[in-house]
Amino acid sequence: MARSIHVDGMQHSTPIPAAARVGNFIASGLINGRSLETGEMPADIEGQCRQMFANIKTVVEAAGGNVDSILRITVWMNDRSLRAALNEAWVAMFPDPAARPARLTINRELDQGKLVECEILAVAAA
């Protein structure tokens, strides 16, 4: 049975949780670079990437995992040519090249000032 994971600051207009956990598997909804404390969205790609990765950590920990639990991150960007900012935040969160999750980056038009957003799949310890 799925257990809904709610995170303060990640409210939706509909009753959608930030993530769900079934057994050891954790799957998130969309995670973006909006501050969970203030609701503000940084205007620049670097700020959105840094905040998105901070939000990833918050979500996976709320579900009982940690960043080492993350199996895959799917990222959507308005402009994939801005991947340098994404890669900088990526390496900051996953400094060991031998222990990074898989990543898929897709070009897609995003709304509400978002330049980047993602979803995660993680497998937490029992």
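Glutamine 48 is buried, at 0% relative accessibility; buried means under 20% relative accessible area, exposed over 50%, and partly exposed in between (1.4 Å probe, protein chains only). Glutamine 48 belongs to helix H1. Helices (H or I, at least four residues) and strands (E, at least two) are DSSP runs, numbered from the N terminus. Leaving aside neighbours within four places in sequence, glutamine 48 is in contact with Gly33, Met41, Pro42, Ala43, Gly113, Lys114, Leu115 and Val116. Contact means heavy atoms within 4.5 Å.

This is a predicted model, in which local features need pLDDT of at least 70 and side-chain atom pairs count only at pLDDT 80 or more, while totals for chains, interfaces and linings use all residues. Residues are numbered from 1 along each chain as its sequence is written, and side-chain values use heavy atoms, with hydrogens and water left out.

H1 covers residues 45-62. Its 18 residues should span 26 Å at 1.5 Å a residue, and its end C-alpha atoms are 25 Å apart, which agrees. The expected span is 1.5 Å times one less than the number of residues. Buried residues in H1 are Ile45, Gly47, Gln48, Cys49, Met52, Phe53, Asn55, Ile56, Val59 and Val60. After the helix comes glycine 64, with a positive phi near 95 degrees.

The largest nonpolar core has 32 residues. Ile31, Met52, Phe53, Ile56, Ile70, Ile73 and Phe94 touch the most other members. H1, strand S5 (70-77), helix H2 (83-93) and S7 each supply at least two residues of this core. H1 gives the most, with seven residues. Such a core is a set of buried Ala, Val, Leu, Ile, Met, Phe, Trp, Tyr and Cys residues joined through side-chain atoms within 4.5 Å.

Methionine 52 touches Ile31, Asn32, Gly33, Leu86, Val116, Glu117 and Cys118, not counting residues up to four places away in sequence.

**Strand S7**

Isoleucine 120 lies in strand S7. Isoleucine 120 is buried, with a relative accessible area of 4%. Beyond residues up to four places away in sequence, isoleucine 120 touches Ile26, Ala27, Ser28, Ile31, Ile56, Val60, Arg72 and Ile73. Proline 101 is 19 residues from isoleucine 120 in sequence, and the two are 9.8 Å apart in space, C-alpha to C-alpha.

Valine 123 is also in S7 (residues 116-123). Valine 123 is partly exposed, at 35% relative accessible area. With Phe25 and Leu71, Val123 forms a nonpolar patch on the surface, with about 270 Å² of accessible area together. Patches are made of residues with over 30% relative accessible area and no salt bridge: like charges are joined within 9 Å, nonpolar side chains (Val, Leu, Ile, Met, Phe, Trp, Tyr) within 5 Å. Accessible areas come from the Shrake-Rupley method with a 1.4 Å probe; for residues, only the protein chains shown count as cover.

**Salt bridges**

The whole structure holds four salt bridges. A salt bridge is a side-chain nitrogen of Lys or Arg within 4 Å of a carboxyl oxygen of Asp or Glu.

Salt bridges that share partners join Arg108, Asp111, Lys114 and Glu117 into one network. Glutamate 117 is buried at 2% relative accessible area, and lysine 114 is buried at 10%. Arginine 108 is partly exposed at 35%, as is aspartate 111 at 41%.

Glutamate 61 and lysine 57 both lie in H1, four residues apart, about one turn of the helix. An α-helix has 3.6 residues a turn, so residues three or four places apart point the same way. Glutamate 61 is partly exposed at 38% relative accessible area. Lysine 57 is partly exposed, with a relative accessible area of 38%.

**Loops**

Glutamine 112 sits in the loop between strand S6 (102-107) and S7. Glutamine 112 has a positive phi of about 55 degrees although it is not a glycine. Most residues other than glycine have a negative phi. Glutamine 112 counts as exposed, at 61% relative accessibility.

Glutamate 37 is in the loop between strand S4 (31-32) and H1. Glutamate 37 is exposed, with a relative accessible area of 68%. Glutamate 37 and methionine 1 are 36 residues apart in sequence and 30 Å apart in space, C-alpha to C-alpha.
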